[in-house]
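This report walks through one protein chain for a reader who has not seen it before. Please look over the sequence and the structure, then read on.

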Amino acid sequence: MSAPGHQGGEQQPGAGGVHPAVLAWTEGDLGVEGRVLEVVRAPAAVLSTVGEPVDPTSPETVQLAADLVATMRVSPGCVGLAAPQVGVGAQVFCVDVSEHPKTRDHHGTFVLCNAEVVSGSRNEKAREGCMSVPDLTGDVKRASRIVVRGQLPGTGEEVELHANAFEARCLQHEIDHCQGLLFVDRVAGAHAIFARQTYL
Ligand SMILES: [Zn+2]
């Protein structure tokens with residue numbers, strides 16, 4: 001997901017309780033150098049294909065995780081990037097909302113494999129953008145408190161984390177990518193899609 005600008009506030013108290021293993025995770029744990037990859041844009045077929053589950057401990061997954069973080073880092077406004085966006089049909093994504101002004105509680109930078117939303121509540125509508133749909137933003141209704149289950153790359157440790165507000169939105173956006181869905185598939189209609197005016 002990329003930051004859509006400052007439209008549409010998401011103000012709420014944080015739910016608290018970040019996951020310590022996810023908070024402590026850094027890309028340095030992967031032990032490989034990430035490469036900056038080209039980000040593919042809609043209508044590339046990989047963006048609308050359900051990603052394959054991965055072995056989180058395999059060297060391919062570890063390299064992919066490092067590449068996703070490296071690519072996110074060099075992309076202005078990018079708060080999350082999923083494997084299909086670099087042309088790989090796999091259920092892996094990275095997230096880092098720590099620098100975003102709408103963020104409340106967060107887990108810093110992390111990568112999840114084979115992630116799924118276990119539960120969600122408190123739907124809110126807010127504006128989203130995406131590097132794979134660079135010219136548009138859209139109003140998307142999503143749960144503002146969620147529980148997500150997935151595995152950390154490298155160790156394969158199974159984690160269940162609670163996320164809220166902007167991090168929750170970003171996680172749902174990236175999990176959608178892994179299932180072949182874009183934010184434009186989630187908007188209520190054409191009235192909820194807008195031309196992007198500024199990238200940040
Ligand atoms: Zn996206």
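**Confidence and overall form**

The model is predicted. Its protein chain has an average pLDDT of 92, and 92% of the residues reach at least 70. Residues 6–15 are a stretch where pLDDT stays under 50, and the model gives them 20 contacts beyond four places in sequence.

The protein chain contains three helices and six strands, arranged along the sequence as α-α-β-β-β-β-β-α-β. Its C-alpha atoms occupy a box of roughly 45 × 35 × 25 Å along the principal axes. A compact globule of 200 residues would have a radius of gyration near 16 Å, so the 15 Å of the protein chain agrees with that form. Of the 200 residues, 44% count as buried. When contacts between residues at least 6 apart in sequence are taken, 75% of them join residues at least 24 apart.

Which elements supply the largest nonpolar core with two or more residues each? That core has 51 residues, and A65, L68, A83, V92, F93, C94 and V111 have the most contacts inside it. The elements giving two or more residues are α2 (59–73), β1 (80–82), β2 (92–95), β3 (110–130), β4 (133–151), β5 (158–164) and α3 (165–178). Beyond its neighbours within four places in sequence, L68 touches L81, A83, V86, V92, F93, C94 and V111 by the contact criterion.

Helix α3 is largely enclosed by the rest of the structure, because 14 of its 14 residues are buried. After α3 comes G180, with a positive phi near 80 degrees.

**Strand pairing**

| Strands | Sense | Bridges |
|---|---|---|
| β3 and β4 | antiparallel | 13 bridges |
| β4 and β5 | antiparallel | Seven bridges |
| β4 and β6 (residues 193–195) | antiparallel | Three bridges |

β3 and β4 form a hairpin with two residues between them, and E128 has G138 in β4 as its bridge partner. A hairpin is also formed by β4 and β5, with six residues between them. G154, in the turn of that hairpin, has a positive phi of about 95 degrees. R145 stands opposite N164 in β5. On the side of β6, A195 is the bridge partner of L136.

Most residues other than glycine have a negative phi, and most peptide bonds are trans. Where does this model depart from that pattern?

The peptide bond from A42 to P43 is cis, with omega near 10 degrees. P43 is found in the loop between α1 (20–24) and α2.

N114 is not a glycine, yet has a positive phi of about 50 degrees. This residue is found in strand β3. Is N114 buried or exposed? N114 has 20 other C-beta atoms within 10 Å, so it counts as buried.

A165 likewise is not a glycine and has a positive phi of about 50 degrees. A165 is found in helix α3, and it is buried because 24 other C-beta atoms lie within 10 Å.

Definitions and conventions
Residues are numbered from 1 along each chain as its sequence is written. This is a predicted model: local features need pLDDT of at least 70, side-chain atom pairs count only at pLDDT 80 or more; totals for chains, interfaces and linings use all residues. pLDDT is the predictor's confidence in each residue, from 0 to 100. Two residues are in contact if their C-beta atoms, placed from the backbone, lie within 7 Å. A nonpolar core is a set of buried Ala, Val, Leu, Ile, Met, Phe, Trp, Tyr and Cys residues joined through C-beta atoms within 7 Å. A residue is buried if 20 or more other C-beta atoms lie within 10 Å of its own, exposed if 12 or fewer, and partly exposed in between; C-beta atoms are placed from the backbone. Helices (H or I, at least four residues) and strands (E, at least two) are DSSP runs, numbered from the N terminus. The radius of gyration is taken over C-alpha atoms; the globule rule is 2.2 Å times the number of residues to the power 0.38. Two strands pair if DSSP finds at least two bridges between them.
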